[in-house]
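Hi everyone, thanks for coming.

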Amino acid sequence: MPLRELSRTEYAVNLAGLAAAFAAYRRREGWSPGQMRDWQLRRIRRLVEHAYARVPLYRDKYRAVGFEPGDLGGWDDFRRLPTVTKAELVGGFPDSSMARGVDVAACLISTSSGSTGRMMDIPHRADRLWPYVLATHRIFRWIAGRYPPGWRHAYIYTSRYPVRPIPGFYPLSFIPTAAEPERILAALRASRPQLLAVYPSILRGLLAIDTQGLRDLGLRAVSVNSELSTQAERDAWSAALGCPVGDDYSSEELTRIAAQCQAARYHLVEDIAYLEILEETSDRAADGIGEVVGTELHNTAMPFIRYRQGDLARLDPNQCTCGRPQRILSGLVGRANDGFTLADGRRLPAGFLIDACYRALMNHPGVAAAYRLRQTSGDAAVLDVQPGPRWVASAGSSLVTALQAEIGSRMSVTLRTTTDLPRDSSGKRRTIVGLPSQMGRMV
Ligand SMILES: [Zn+2]
């Protein structure tokens, strides 16, 4: 669903917020973990008080465990708060999940789709968007090393960002995902961006039809997110484009969670969401891999406090070679239905399958403009291919043979050509589609 435009007042308030907070966000990046933890706790205390006073869902949950807002003295108290799930927030929307007194008309509503197929509307106050703009700015700086105000930023997305441009100041150009790849390329040539934000499935398609044309743009950094891509793919894209390509881990609920630095590690965006890794079956901290649970530090219209995101990951105790103090998230895996479960119970993770497709496609340049690998039974999958400029039937057969060799004998792959691969309402496309009955999780 496209976001509505900001009103003049909302825009002015956000602009003032941006100007006032810009330096603070830069400073916070250098804070020690202790300084950051103190700031996060202060912020969380205010958020919990607000949720207890205005959001019935949280008040009921907290009362049920005998918690009063004044009880939140330190982190141990915070860790005793019950976690909240998507089902609870969706079930309570809007009356119990949204803060009382918040006018829906004063909010931007985004929709979380997610692989569970359960939709959730998420309101954000339209005059409190600057933290997210500053987080986006930071994510590009982490990839590119810098982001001066004159750099042009193109984003290939479903709808425009709800911002009004200021001429010559962080110029933005919007290119719709729905456009044909040739038109997207033409729009990129016209806007000559230094920075590009794009879904992996779109970038794969653009590279399939014109690698040199993309390289000639002289991009300084590319940000890919929202869909799964693997480090092997991003390294290859980086080599093809001649610039760093970074991923970030985001969700509609927790917004910016973590982003890659130039050493390809995922650092937490600590001042946007406070992250914990908990056991899946309890609210205790997990030892190693566990469920991503986040507290979004800015959304007061619909607070997310100890929200179970559903993904699995772990916190890496090691320091990154880049020297950033933010904690490192690693081992991030999505839900099991992003991968395949074979008839004998073995799992093929989505990352493995994407890498297998990538290696097969790499040796068949231009054959596929887009693809999707879809499991059809316990031991069979179909590779849906949208033919690229160098498509011929024999190249298609060779592609499937190469993919079969990557995957091995555990699953047979057949080819199907198609002129259209579906995208969801937000323009994303699932590249790896498991059987719908797979609701378990993989580690
Ligand atoms: Zn780093």
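Let's begin with strand E3, residues 153-157, which runs parallel to strand E4, residues 172-176, with five bridges joining the two. Keep in mind that this is a predicted model. If you want a pair to click on, Tyr157 has Pro176 in E4 as its bridge partner. E3 also pairs with strand E5, residues 195-198, again in the parallel sense, over three bridges. There, His153 has Leu195 in E5 as its bridge partner.

Now zoom out. These strands belong to an open sheet of eleven, in the order E4-E3-E5-E6-E7-E8-E9-E13-E12-E11-E10, and the pairing is mixed. Which strands stand at the edges? They are E4 and strand E10 (273-278), and each has a single partner strand, so one side of each has no neighbour in the sheet. On average, neighbouring strands here are turned by 35° against each other, ignoring direction.

For an antiparallel example, look at strand E8, residues 255-260, and strand E9, residues 266-268, which pair over three bridges. Helix H6, residues 130-144, lies across E5, E6, E7 and E8, and runs at about 10° to E8.

Last stop, the largest nonpolar core. It has 104 residues, and those touching the most other members are Val198, Val222, Ile305, Leu353, Cys357 and Ala368. Why does this core lie between domain 1 and domain 2? Because domain 1 (1-332) and domain 2 (337-433) both give residues to it. Take Cys357: leaving aside neighbours within four places in sequence, Cys357 is in contact with Tyr371, Leu373 and Leu403.

Thanks, all!

Methods. Residues are numbered from 1 along each chain as its sequence is written. This is a predicted model: local features need pLDDT of at least 70, side-chain atom pairs count only at pLDDT 80 or more; totals for chains, interfaces and linings use all residues. Two strands pair if DSSP finds at least two bridges between them. Helices (H or I, at least four residues) and strands (E, at least two) are DSSP runs, numbered from the N terminus. A nonpolar core is a set of buried Ala, Val, Leu, Ile, Met, Phe, Trp, Tyr and Cys residues joined through C-beta atoms within 7 Å. A residue is buried if 20 or more other C-beta atoms lie within 10 Å of its own, exposed if 12 or fewer, and partly exposed in between; C-beta atoms are placed from the backbone. Domain bounds come from an automatic or database domain assignment. Two residues are in contact if their C-beta atoms, placed from the backbone, lie within 7 Å. Axes are lines fitted to C-alpha atoms, for helices over the stretch in contact, and angles run from 0 to 180 degrees between N-to-C directions.
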